[in-house]
Amino acid sequence: MRQAWTVIAVAALLAGLAQGALGQAEPPQPIEQRLAGFADRMRLSLSMASVAVFSPTVSDAHGQAQRLIALLRGDARDGIPGLVAEAALFADWIGSRPFDPEPRRVLLGAATNVQALLRLALDAAIAANRDRALDNATQDLLRVYAYLVAAWGKPIDGVVVPGLETLLRGFDVAVAA
Amino acid sequence: MNVIPVWLRNGRLIVAASVVIVCTGLAVGLFLASYASVVRSSFRDRTVTYAQAFAATAGSWLVRGDVDVVETLAQFLVAGSVVSIDVVDPSGVAIHRGAAIDDAPAGTLDSVAVVRRGPSHERYLDVTTPLASSGGYVRMVVDTASSEAAIRLAATFGAVGAIVFDAGIIGLLAWALRGRRRGDVDEEASPAEAAEQVVVGDLVIVPARCAASFAGRPLRLTPKQYALLTVLASEPGRVFSEAEILSAAWPDSPYADARDIKQYVYLLRRRLSEIRPDGRDVIVTVPGFGYRLEDGR
């Protein structure tokens, strides 16, 4: 029951955030717009993970983990791609474009990082959903949060693993070039 | 013949079992009270942090103007142990998800957690925490069923554990006391020995084993103490003169005298009183004549 509700809610939210970009009948979105929608869903995932870490009960932790899984993995039946799959699309898109070598290397590296870190976040969310003890579930949800933060790639004192922020900044430059 | 065994009649096992049961009950009760306090406190802390984390997230989305996202996040929370959630912002945002709560929030300026009782006396934790960005607040009412269930489970395990522990300890005590009973001459004597044994009240002497017991417990006697007791027990109630005792118990000791008798009577009385305080009265001094044996009851 909860899982069904989760899928419906996440589907509705994704539909709103992606603004119809995911429907077959809609025209394909520009990559920048798609990236912006992706960033919004990343922000939502981060919000959910930041709250989920403090779940007071195992059932709450499981519920939050299921919603994070739905966001990261998507729902094939409803044609909703997850963040992991969409990150792969960005990597493919960058690989297929005639960018200059240096921006291409940076963007491709960032997209690959995002994809890898989101996959790790998905694994951690799945583990959290299986944990029976609250402490273990909390640790796994903390890992989800950490991977999502890393995937975002915000520099801290100049130290950064290139991620979504690099993509958001670099796309405009690279596409314009 | 006593139907109730001597060791039980003496009540040692009952007293020991009572002490064990009371001590275990106290220990388990104290542990459970402490455990319940820790669980409730931990649950309360986590719930307050949960509400604060949600308030921080909701605040950041409200600043961006994404009220829909806050509504969705609130709906996600209500699907768990959260009974209801309210997000109230001075800008006019008022989101409510979950059950209707009649009581007013306990406070909105600082994080406050209040325990409330539902219609069926179920416990709810009512947490209110401010929205840092805007001066509004988030109110989260959480069902404490899971933490109460953990406490009930611990209480069940504690009770079962205490019963098993008590049963084990009482079993060990019974076994130990039964071990003592093995030394009881009257209950362990063979039929031939039983036929020969001398019984004077609670005092039993088995000549074939040169053993004696009093009130069901073995008397540890030296040969001379045993000889003295045997002489007195040969005719319970009769007064034996010192000369008679000397000739019967010290036949080969020409130097033995009344002082030896007096010393051994003292030692025998001490052995008897170690088993039962009134045991010393089993041997009666008849001034000017000698000593005799009472029946000991």
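Let me start with chain B. Its secondary structure comes to nine helices and twelve strands. Keep in mind that this is a predicted model. Chain B has 297 residues, and 28% of them are buried. Now take its contacts with a separation of 6 or more. Residues 24 or more positions apart account for 55% of those.

First, the five-stranded sheet. It is an open sheet in chain B, with the order E2-E1-E5-E4-E3 and antiparallel pairing. Which strands sit at the edges? They are E2, residues 94–98, and E3, residues 112–117, of chain B. Each of these pairs on one side only. Ignoring direction, neighbouring strands of this sheet are turned by 10° against each other on average.

Look at one pair in there. E3(B) joins E4(B), residues 123–130, through six bridges, in the antiparallel sense. As a reminder, strands of a sheet pair through backbone hydrogen bonds, either parallel or antiparallel.

What packs on this sheet? Helix H2 of chain B does, residues 12–64. H2 touches E1 (82–88), E3, E4 and E5 (137–143) of chain B. Its direction makes about 40° with that of E4(B). Helix H3 of chain B, residues 67–78, packs on the sheet too. H3 touches E1 and E2 of chain B, and its direction makes about 160° with that of E1(B).

E6(B), residues 198–200, runs antiparallel to E7(B), and three bridges join them. Val198(B) stands opposite Ile205(B) in E7(B). The hairpin of E6(B) and E7(B) has two residues between the strands. Gly201(B) in that hairpin takes a positive phi near 60°.

Then E7(B) pairs with E8(B), residues 211–214, over four bridges, again in the antiparallel sense. Here Leu203(B) has Phe214(B) in E8(B) as its bridge partner. E7(B) and E8(B) also form a hairpin, with four residues between them. In that turn, Cys210(B) has a positive phi of about 50°.

So is E7(B) covered on one face or on both? Both faces of this strand, residues 203–206, are covered. Leu203(B) and Ile205(B) lie on one side, Val204(B) and Val206(B) on the other, and all are buried.

Staying in chain B, we come to a helix pair. Two packed helices are described by the angle between their axes and the distance between the axes. Take H7(B), residues 223–234, and H9(B), residues 258–275. Their axes come within 10 Å and cross at roughly 90°. That angle makes H7(B) roughly perpendicular to H9(B). Which residues meet? From H7(B), they are Lys224(B), Gln225(B), Leu228(B) and Leu229(B). From H9(B), they are Tyr264(B), Leu267(B) and Leu268(B). By class, that contact has five nonpolar, one polar and one charged residues.

On to chain A. This chain has seven helices and two strands. From the N terminus on, the elements run α-α-α-β-β-α-α-α-α. Of its 177 residues, 44% count as buried. For contacts in chain A with a separation of 6 or more, residues 24 or more positions apart account for 66%.

One helix here deserves a look: H4(A), residues 83–96. With 14 residues, H4(A) reaches 20 Å from its first C-alpha to its last, close to the 20 Å expected at 1.5 Å a residue. Its buried residues are Leu83(A), Val84(A), Glu86(A), Ala87(A), Phe90(A) and Ile94(A). An α-helix has 3.6 residues a turn, so residues three or four places apart point the same way.

Asp92(A) is found in helix H4 of chain A as well. Why does Asp92(A) count as exposed? Because it has 12 C-beta neighbours inside 10 Å, and a residue with 12 or fewer is exposed. Thr112(A) is 20 residues from Asp92(A) along the chain, and their C-alpha atoms are separated by 9.7 Å.

Last, how the chains meet. The contact takes 18 residues from chain A and 20 residues from chain B. On the side of chain A that touches chain B, the elements giving two or more residues are helix H1 (2–18), helix H2 (31–52) and helix H3 (58–73) of chain A. By class, this side has eight nonpolar, seven polar and three charged residues.

Definitions and conventions. Residues are numbered from 1 along each chain as its sequence is written. Chains are lettered from A and ligands numbered from 1 in the order in which they are written. This is a predicted model: local features need pLDDT of at least 70, side-chain atom pairs count only at pLDDT 80 or more; totals for chains, interfaces and linings use all residues. A residue is buried if 20 or more other C-beta atoms lie within 10 Å of its own, exposed if 12 or fewer, and partly exposed in between; C-beta atoms are placed from the backbone. Two residues are in contact if their C-beta atoms, placed from the backbone, lie within 7 Å. Axes are lines fitted to C-alpha atoms, for helices over the stretch in contact, and angles run from 0 to 180 degrees between N-to-C directions. Angles under 35 degrees count as roughly parallel, over 145 as roughly antiparallel, 65 to 115 as roughly perpendicular and the rest as oblique. Ala, Val, Leu, Ile, Met, Phe, Trp, Tyr, Cys and Pro count as nonpolar, Asp, Glu, Lys and Arg as charged, and the others, Gly among them, as polar. Two strands pair if DSSP finds at least two bridges between them. The expected span of a helix is 1.5 Å times one less than its number of residues.
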